[in-house]
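My notes follow in the order in which I wrote them up.

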Amino acid sequence: VPRWCFSWEGGAASSEGPDAAGGFLSPLTADPGIMLGRPAWRRPDYELYAWDQFPSVLFFDTRDYAVQDAFFKRLAFFAEKKGYRGRLARDREIDSQHGFNAYDYRGETLGAFFSLAEETGFPLNPHEELLRDILLANGIIAQQTGGLYTGGNGAVISISMESPDYLRRQFIVHEGLHGIYFTQPEFREEVERVYAGTDPRCVDFLLGYFDVTPTLAYDLADTYLVQNEFMAYLLQQPLGAAEAYFADQIANRIYINRYHPELAQYVRDTRARGLCEAAAKLSDFLTQKWNLEAGRVWKTHQ
């Protein structure tokens, strides 16, 4: 990636230096493209960034999936996984299960998670306690009278160094798009409009994929989650790559063909035209509003 994709400057949030546990509360302000270059970190296990274009979006970049899961895996089950949403799973319930290889959460969800832990006396791990402190310090959540938490302004997203370069690039885009969705009401409105106008069989195909793929298992009853993921899957790759991604990759995967073979065949036969058209509409919106596009959430020049 060319150097001009990056910007880098020291950030100043609510506190300076590390907290008592050795974790930095203040993010470095950066364009997401800086992470593609794998810069030096202030500590060995993770680095924390604030997106320069959307400062209320925090990026965690972790050394490996184990560190990332320590911060976010329980949150994933609380926020997204069928059969677990709305409750705090014990380690023994989820240790053998897959979370995600990248994560994203809005302030409202984070506040609910930490409020439930406070109300029930649930034992959080040290990484989750550090995450709570970072979120408080940067206004992503706020503590109310009585010790409970509410969503503040912003969102948090995470990727890992353990992901190979091609996946890191895709995850930075995918998770970055979620950050925009969480924090920009006009983008959510455009996603809702495009979602409603997309070929229904293509929508059913993608929702079926979300539902039956064991590593995803999204709760389709959550419309906000469904539309957010619909958008991110459409836009995580450049427009020129969308047809092959949906028609040649996803439509040929085992679980979607086992449970929804007719929908998979339809997407192959139509070369995912409905999904590609929806992606183009959303990409145009990103370009007009923020000079971003499908497959890119970093600056093209400085």
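**Entry 1: arginine 271.** I started with arginine 271, which is partly exposed because its relative accessible area is 32%, between the cut-offs of 20% and 50%. I was working from a predicted model. Arginine 271 sits in the loop between α11 (261-270) and α12 (273-290). Its phi is near 55 degrees, and I noted the positive value because the residue is not a glycine.

**Entry 2: asparagine 291.** Next I looked at the segment after α12, where asparagine 291 is placed. Here too I found a positive phi, about 55 degrees, in a residue that is not a glycine. Asparagine 291 has 36% relative accessibility, so I put it down as partly exposed.

**Entry 3: tyrosine 259.** I then went to helix α10 (residues 254-259), which holds tyrosine 259. Is tyrosine 259 buried or partly exposed? Its relative accessibility is 47%, so it counts as partly exposed; the cut-off for exposed is over 50%. I also checked tyrosine 259 against glycine 208: they are 51 residues apart along the chain, and their C-alpha atoms are separated by 8.1 Å.

**Entry 4: the fold as a whole.** I listed the secondary structure of the protein and got 12 helices and 8 strands. Along the principal axes, the C-alpha trace spans about 60 × 45 × 35 Å. How does the radius of gyration stand against what a compact globule would have? For 302 residues the globule value would be near 19 Å, and the protein has 19 Å, so the two agree.

I looked at burial next: 56% of the 302 residues are buried. Among contacts with a separation of 6 or more, 63% are between residues 24 or more positions apart. The accessible surface of the protein comes to about 12,700 Å². Carbon and sulfur atoms account for 49% of that surface.

**Entry 5: the largest pocket.** I turned to the pockets and took the largest one, which has about 460 Å³ of space. I counted 23 lining residues, and those closest to the centre are Asn101, Gln170, Phe171, Leu216 and Tyr233. Which elements each supply at least two residues of this lining? They are β5 (103-106), α5 (165-183) and α8 (223-235). The largest share comes from α5, with 6 residues. Sorted by class, the lining of the largest pocket has 11 nonpolar, 7 polar and 5 charged residues.

**Entry 6: the second largest pocket.** I finished with the second largest pocket, whose volume is about 260 Å³. Its lining consists of 16 residues, and Ala79, Arg85, Arg106, Thr109 and Asp222 are the closest to its centre. Two or more residues of this lining come from each of α1 (65-79), β5, α3 (107-120) and α8. I had already written down β5 and α8 for the largest pocket, where each supplies at least two lining residues. By class, I have 7 nonpolar, 3 polar and 6 charged residues for the lining of the second largest pocket.

Terms used. Residues are numbered from 1 along each chain as its sequence is written. This is a predicted model: local features need pLDDT of at least 70, side-chain atom pairs count only at pLDDT 80 or more; totals for chains, interfaces and linings use all residues. Side-chain values use heavy atoms; hydrogens and water are left out. On a 1 Å grid over the protein atoms alone, a cavity is a set of points where a 1.4 Å probe fits but cannot get out, and a pocket is an open set with protein on both sides within 12 Å along at least five of seven lines; lining residues have an atom within 4 Å of a point. Grid points are joined across faces, edges and corners, and a volume is the space filled by probe spheres set on the points. Helices (H or I, at least four residues) and strands (E, at least two) are DSSP runs, numbered from the N terminus. Ala, Val, Leu, Ile, Met, Phe, Trp, Tyr, Cys and Pro count as nonpolar, Asp, Glu, Lys and Arg as charged, and the others, Gly among them, as polar. The radius of gyration is taken over C-alpha atoms; the globule rule is 2.2 Å times the number of residues to the power 0.38. Buried means under 20% relative accessible area, exposed over 50%, partly exposed in between (1.4 Å probe, protein chains only). Contact means heavy atoms within 4.5 Å. Accessible areas come from the Shrake-Rupley method with a 1.4 Å probe; for residues, only the protein chains shown count as cover.
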